[in-house]
Amino acid sequence: MNKENAKDYLPLVQAMADGKIIQFNHIDGHWEDSVNLEFGFDPKYYRVKPEPRTFVIYINKLTHQICHKKYGSDSNWERITVQEVLE
């Protein structure tokens, strides 16, 4: 990090201060949680670890139709909560 690119690291430093996990992108493309950050590489090799999203969907027990909301008071619709899996 130097004075020319320090501003590019600000979101990462702020995220660290907020207790979020910073990840480093290795040459093979996988992201790894960083423990001791020195920011010795270009900021494009770092990111704030994404948090998985949670979705609610409804599935019709008779037709197996999937929708994002329940229609009416039909008791054939079952609510399912799904959480995204991040790799």
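**View 1. Helix H1 lies across strands E1 and E3.** In this predicted model, helix H1 runs at about 45° to strand E3 while lying across both E1 and E3. Met16 is one of the residues found in helix H1, and with a relative accessibility of 38% this residue counts as partly exposed. Apart from its neighbours within four places in sequence, Met16 is in contact with Ile22, Leu37 and Phe39.

**View 2. An open sheet of 3 strands is arranged in the order E2-E1-E3.** The pairing throughout this sheet is antiparallel, and E2 and E3 are the edge strands, each of them pairing on one side only. Neighbouring strands here are turned against each other by 35° on average, with direction ignored. In general, the strands of a sheet pair through backbone hydrogen bonds, and they may do so in a parallel or an antiparallel way. Strands E1 and E3 are joined in the antiparallel sense over 3 bridges; Gln23 has Arg47 of E3 as its bridge partner, and Ile22 stands opposite Val48 in E3.

**View 3. Strands E1 and E2 form a hairpin with 5 residues between them.** The two strands pair in the antiparallel sense over 3 bridges, and Asn25 stands opposite Trp31 in E2. Within the turn, Gly29 has a positive phi of about 95°. Side chains in a regular strand alternate between the two faces of the sheet. In E1, Ile22 and Phe24 point one way, whereas Gln23 and Asn25 point the other way, and all are buried.

**View 4. The largest nonpolar core brings together 7 residues.** Its members are Tyr9, Leu12, Ala15, Ile22, Phe24, Phe39 and Tyr46. Helix H1 (6-17) and strand E1 (22-25) each supply at least two residues of this core, and the largest share, 3 residues, comes from H1. Leu12, one of the core residues, touches Ile22, Phe39, Pro43, Tyr46, Arg47 and Val48 when residues up to four places away in sequence are not counted.

**View 5. Aromatic rings form a cluster that includes Phe24 and Tyr45.** Ring pairs link Tyr9, Phe24, Phe39, Phe41, Tyr45 and Tyr46 into this cluster, and the count of aromatic pairs in the model comes to 7. The pair of Phe24 and Tyr45 is tilted, because the ring centres are 6.4 Å apart and the planes stand at 35°. Phe24 lies in strand E1, while Tyr45 lies in the loop between strand E2 (31-33) and strand E3 (46-48), so the pair ties together parts that are 21 residues apart in sequence. At 15% relative accessibility Phe24 counts as buried, whereas Tyr45, at 33%, counts as partly exposed. Phe39 and Tyr46 form an aromatic pair that is edge-to-face, with 5.1 Å from centre to centre and 70° between the planes, and both of these residues are buried.

**View 6. A further open sheet of 3 strands has the order E5-E4-E6.** The pairing in this sheet is antiparallel. Strand E5 (66-67) and strand E6 (77-83) stand at the edges, each with a single partner strand, so one side of each is left without a neighbour in the sheet. Strands E4 and E5 run antiparallel and are joined by 2 bridges, and the bridge partner of Ile59 in E5 is Ile66.

**View 7. Asn60 is found in strand E4 (residues 54-60).** This residue has a relative accessibility of 7%, and it therefore counts as buried, the cut-off being under 20%. A polar atom of the Asn60 side chain lies 2.8 Å from the backbone nitrogen of Leu62. When residues up to four places away in sequence are not counted, Asn60 touches Gln65, Asp74, Asn76 and Trp77.

Note on methods: Residues are numbered from 1 along each chain as its sequence is written. This is a predicted model: local features need pLDDT of at least 70, side-chain atom pairs count only at pLDDT 80 or more; totals for chains, interfaces and linings use all residues. Side-chain values use heavy atoms; hydrogens and water are left out. Helices (H or I, at least four residues) and strands (E, at least two) are DSSP runs, numbered from the N terminus. Buried means under 20% relative accessible area, exposed over 50%, partly exposed in between (1.4 Å probe, protein chains only). A polar contact is a pair of N or O atoms within 3.5 Å; within protein, one must be able to donate a hydrogen and the other to accept it, and residues adjacent in sequence count only if both atoms are side-chain atoms. Contact means heavy atoms within 4.5 Å. Two strands pair if DSSP finds at least two bridges between them. A nonpolar core is a set of buried Ala, Val, Leu, Ile, Met, Phe, Trp, Tyr and Cys residues joined through side-chain atoms within 4.5 Å. Rings of Phe, Tyr and Trp (its six-membered ring) pair if their centres lie within 6.5 Å; planes under 30 degrees apart count as stacked, over 60 as edge-to-face and the rest as tilted. Axes are lines fitted to C-alpha atoms, for helices over the stretch in contact, and angles run from 0 to 180 degrees between N-to-C directions.
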